[in-house]
Amino acid sequence: MEIIQTPNYDVMSQRACDLLIETVQQSERPVLGLATGSTPEGLYKQLIEQYESGKVTFKQATTFNLDEYVGLTADDPNSYRYYMDNKLFHHIDLPDDRAFLPKGDASNPEQECRTYETMIQNAGQVDLQVLGLGLNGHIGFNEPGTPFDSRTHVVELDETTRQANARFFASIDDVPTRAITMGINTIMESKKIVLLVSGEKKADAVKQLVNGEVTEEFPASILQKHENVVLIGDEEALSKL
Ligand code: F6R
């Protein structure tokens, strides 16, 4: 695992942006895996800036997001589809019909998981997957205990995860209890993974990810086994390494 320490959040975002643009420019039909949450917001702002200044085009790209809440429609401001539309997709030239997230309002979420997994497989390997890190070691919404060989599936969200994400909702009761997430195996099949971490609150999780035992009880630990992972973090997040 390559570890890049940056002086702050903005430089972390810039380094991630450079890697993503490199991937888009190197591939004729780039396939990107994207994440939501607070951590990649700076990355998406920088990508929009680079697009606006003519340095990159996403016309040939396809994107697959990691996850979506079950029960939220695309126009719900708390859905990840809404987040991606507003923080990235509506500001760049990525074709609408190649920007994929699991459908949170699918009538049959299990069927939606199978459909989504098949779409990822049909697109070929993900060239670059962006990940954030949950305090409990989750990647995507793969909570502790998720089998390493899992593929896209429905998950019951951990109470700690619901509490961590409650800041975006009116109250904790409004935070969905289930989500659809790419599985760990799905994520591990990406050619390259860029994991972004920022802030002191992630320091313990980063330490466990890098130095801890590889165990399903700490899902991100599996990244130790991937041959092309770049961990980009600011000083606070990497302070316990
Ligand atoms: C988001 C996702 C999650 C987040 C993680 C960190 O699509 O899959 O695994 O990356 O919860 O979230 P933040 O960045 O808000 O700390």
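How many residues does helix α4 have, and how far does it reach from its first C-alpha to its last? In this predicted model, α4 covers residues 109-122, which makes 14 residues, and its reach is 20 Å, close to the 20 Å expected at 1.5 Å a residue.

**Helix α4 and its surroundings**

The buried residues of α4 are Pro109, Glu112, Cys113, Tyr116, Glu117 and Ile120. Seen down the axis of α4, these buried residues fall within an arc of 135 degrees, so they line one face of the helix. They pack against the strands β3 (62-65), β5, β7 (153-156) and β8 (178-181), and also against helix α6 (184-188). Just after α4, Gly124 takes a positive phi of about 90 degrees.

**The parallel sheet**

An open sheet is formed by 7 strands with parallel pairing, in the order β1-β10-β9-β6-β2-β3-β5. At its edges stand β1 (2-6) and β5 (99-100); each has a single partner strand, so one side of each is left without a neighbour in the sheet. Helix α1 (residues 9-26) packs on this sheet and touches β1, β2 (31-34), β6, β9 and β10 (229-234). The direction of α1 makes about 155 degrees with that of β10.

Strand β10 joins two partners. It runs parallel to β1, with 5 bridges between them, and parallel to β9, again with 5 bridges. Glu2 stands opposite Val230 of β10, while Ile193 stands opposite Val229. Of the 6 residues of β10, 6 are buried, so the strand is largely enclosed by the rest of the structure. Both of its faces are covered, with Val229, Leu231 and Gly233 buried on one side and Val230, Ile232 and Asp234 buried on the other.

Strand β6 (residues 128-131) pairs in the parallel sense with β9 (residues 192-197) over 4 bridges, and with β2 over 2 bridges. Leu128 takes part on both sides: its bridge partner in β9 is Lys192, and Leu32 stands opposite Leu128 as well.

| Strand pair | Sense | Bridges |
|---|---|---|
| β1 and β10 | parallel | 5 bridges |
| β9 and β10 | parallel | 5 bridges |
| β6 and β9 | parallel | 4 bridges |
| β2 and β6 | parallel | 2 bridges |
| β7 and β8 | antiparallel | 4 bridges |

**Phe64 in strand β3**

Strand β3 contains Phe64. Its relative accessibility is 1%, and because the cut-off for buried is under 20%, Phe64 counts as buried. Leaving aside neighbours within four places in sequence, Phe64 is in contact with Val31, Leu32, Gly33 and Leu34, with Phe100, with Tyr116, Met119, Ile120 and Ala123, and with Met182. Two of these contacts, Tyr116 and Ile120, are also among the buried residues of α4. Phe64 and Ala203 are 139 residues apart in sequence, and their C-alpha atoms are 28 Å apart in space.

**The antiparallel sheet**

Another open sheet has 3 strands in the order β4-β8-β7, with antiparallel pairing. Here β4 and β7 stand at the edges, each with a single partner strand, so one side of each is left without a neighbour in the sheet. With direction ignored, neighbouring strands of this sheet are turned by 25 degrees against each other on average. β7 and β8 pair over 4 bridges, and Val154 stands opposite Ile180 of β8.

**Helices α2 and α3**

Two packed helices are described by the angle between their axes and the distance between the axes. For α2 (residues 41-52) and α3 (residues 80-87), the angle is about 35 degrees and the axes are 10 Å apart. Glu41, Tyr44 and Ile48 of α2 make the contact with Tyr83, Met84 and Lys87 of α3. By class, this contact has 4 nonpolar, no polar and 2 charged residues.

The buried residues of α3 are Tyr80, Arg81, Tyr83, Met84 and Asp85. They pack against β2, β3, β4 (67-69) and β5, and against the helices α2 and α5 (159-165).

Definitions and conventions:
Residues numbered from 1 in each chain as written. Predicted model: local features only at pLDDT ≥ 70, side-chain atom pairs only at ≥ 80, totals over all residues. Heavy atoms only, no water. Pairing = 2+ DSSP bridges. Contact = heavy atoms within 4.5 Å. Axes fitted to C-alpha atoms, helices over the stretch in contact; angles between N-to-C directions. Expected span 1.5 Å × (residues − 1). Buried < 20%, exposed > 50% of the residue type's maximum accessible area, 1.4 Å probe, protein only. Arc of directions from axis to C-beta. Nonpolar A, V, L, I, M, F, W, Y, C, P; charged D, E, K, R; others polar.
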